[in-house]
Amino acid sequence: MNTRMALLLCAVTFLSTFAACSEEKEHTAPAINPEDSVAMMISYGVNTLISDSGIIKYRIVTEKWEVNPNRQPSRWIFEKGLLLEQFDLAMHIQSYIQCDTAYYYDVLKLWELHGRVRILTKKGLRFSSEELFWDERSHEIYSNRYSHLITSDKELHGNRFRSDENMTKYSVKTSKGYFDRKEIDKSGDKKEPADSARVRGRQPKQPRRIPNN
């Protein structure tokens with residue numbers, strides 16, 4: 001899997017498989033009313049390693065995980081927080097996603113993260129905000145809350161964040177930040193010398209010695 005938010009994508013695959021297995025079990029008690037929002041499954045203390053091609057690559061940790069297809073819209077609820085990690089072959093953490101509360105709307109294919117949202121990508125980008133959405137249908141990640149991004153050569157702050165799901169092409173509006181001077185130089189923009197204003201303006205006259213009579 002690539003860096004297109006691989007942790008969340010892995011969670012979707014894993015949770016979808018788990019939910020499908022749960023649906024095969026026979027329920028001994030019928031639903032009380034169609035309007036009820038009773039959860040189909042609630043699990044506590046989830047700490048699961050996930051393998052890919054026989055190699056452990058991911059871990060999902062949550063204190064409470066609820067699968068509830070009776071709510072409108074249908075959703076999975078992680079109200080006690082969610083942590084998703086991705087490992088390299090040496091079991092070192094390559095990237096992670098964590099938040100205080102998460103919802104996954106399985107029909108809408110939409111993730112909604114709240115609280116202390118923190119992300120680290122494989123390429124070293126660090127993201128933090130109080131809110132984040134990932135729309136799997138449009139392949140877009142976005143937030144309308146204050147967001148903070150840090151890379152090896154820049155730091156950005158802003159109130160409107162938009163990105164592709166790889167978090168490689170992004171924009172921050174109402175922003176302020178720091179850019180490495182090397183990046184500006186590569187773009188071809190040249191800074192004027194500090195004294196360029198004096199060079200363009202009228203040159204001061206050189207003092208002239210007046211001979212004594």
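This is a predicted model: local features need pLDDT of at least 70, side-chain atom pairs count only at pLDDT 80 or more; totals for chains, interfaces and linings use all residues.
**Entry 1: Ser-43**

Leaving aside neighbours within four places in sequence, which residues is Ser-43 in contact with? I looked it up: Glu-63, Lys-64 and Trp-65, where contact means heavy atoms within 4.5 Å. Ser-43 sits in strand 1; strands (E, at least two residues) and helices (H or I, at least four) are DSSP runs, numbered from the N terminus.

Residues are numbered from 1 along each chain as its sequence is written, and side-chain values use heavy atoms, with hydrogens and water left out.

**Entry 2: the whole chain**

I counted up the secondary structure and got 3 helices and 14 strands. Of the 213 residues, 36% count as buried. Among contacts with a separation of 6 or more, 38% are between residues 24 or more positions apart.

**Entry 3: aromatic rings**

I went through the rings next. A pair of aromatic rings is described by the distance of the centres and the angle of the planes. The rule here: rings of Phe, Tyr and Trp (its six-membered ring) pair if their centres lie within 6.5 Å, and planes under 30 degrees apart count as stacked, over 60 as edge-to-face and the rest as tilted. That gives 7 aromatic pairs.

I looked at Trp-65 and Phe-78, a stacked pair at 6.4 Å centre to centre with 10 degrees between the planes. Trp-65 is in strand 2 (residues 55–68) and Phe-78 in strand 3 (residues 75–78), so this pair ties together parts that are 13 residues apart in sequence.

Then I took Trp-76 and Tyr-104, which form a tilted pair, 4.8 Å centre to centre and 40 degrees between the planes. This one links distant parts of the chain, with Trp-76 in strand 3 and Tyr-104 in strand 6 (residues 101–105), 28 residues apart. Trp-76 and Tyr-104 are both buried. One aromatic cluster takes in Trp-65, Trp-76, Phe-78, Tyr-104 and Trp-111.

**Entry 4: the core**

Which members of the largest nonpolar core touch the most other members? My list reads Leu-82, Trp-111, Leu-113, Phe-127, Leu-132 and Phe-161, out of 29 residues. A nonpolar core is a set of buried Ala, Val, Leu, Ile, Met, Phe, Trp, Tyr and Cys residues joined through side-chain atoms within 4.5 Å. Elements giving two or more residues to this core include strand 1 (41–52), strand 4 (82–87), strand 7 (110–120) and strand 8 (126–135).

I followed up Phe-127. Not counting residues up to four places away in sequence, Phe-127 touches Val-117, Arg-118, Ile-119, Leu-132, Ser-147, His-148, Leu-149, Phe-161 and Met-167.

**Entry 5: the second largest pocket**

Rolling a probe the size of a water molecule over the atoms shows where empty space is left. On a 1 Å grid over the protein atoms alone, a cavity is a set of points where a 1.4 Å probe fits but cannot get out, and a pocket is an open set with protein on both sides within 12 Å along at least five of seven lines; lining residues have an atom within 4 Å of a point.

The second largest pocket has a volume of about 160 Å³, a volume being the space filled by probe spheres set on the grid points, which are joined across faces, edges and corners. Its lining has 13 residues, with Lys-123, Leu-125, Thr-151, Met-167 and Tyr-170 nearest the centre. I sorted the lining into 3 nonpolar, 7 polar and 3 charged. For that sorting, Ala, Val, Leu, Ile, Met, Phe, Trp, Tyr, Cys and Pro are nonpolar, Asp, Glu, Lys and Arg charged, and the others, Gly among them, polar.

His-139 is in the loop between strand 8 and strand 9 (140–143). His-139 has a positive phi of about 55 degrees although it is not a glycine, and is partly exposed at 41%. Leaving out residues up to four places away, His-139 touches Ser-163, Asp-164 and Glu-165.

Met-91, in the loop between strand 4 and strand 5, also has a positive phi, near 65 degrees.

Where is the cis bond at Pro-73? The peptide bond from Gln-72 to Pro-73 is the cis one, with omega near 0 degrees, and Pro-73 is in the loop between strand 2 and strand 3.

How values were computed:
Buried means under 20% relative accessible area, exposed over 50%, partly exposed in between (1.4 Å probe, protein chains only).
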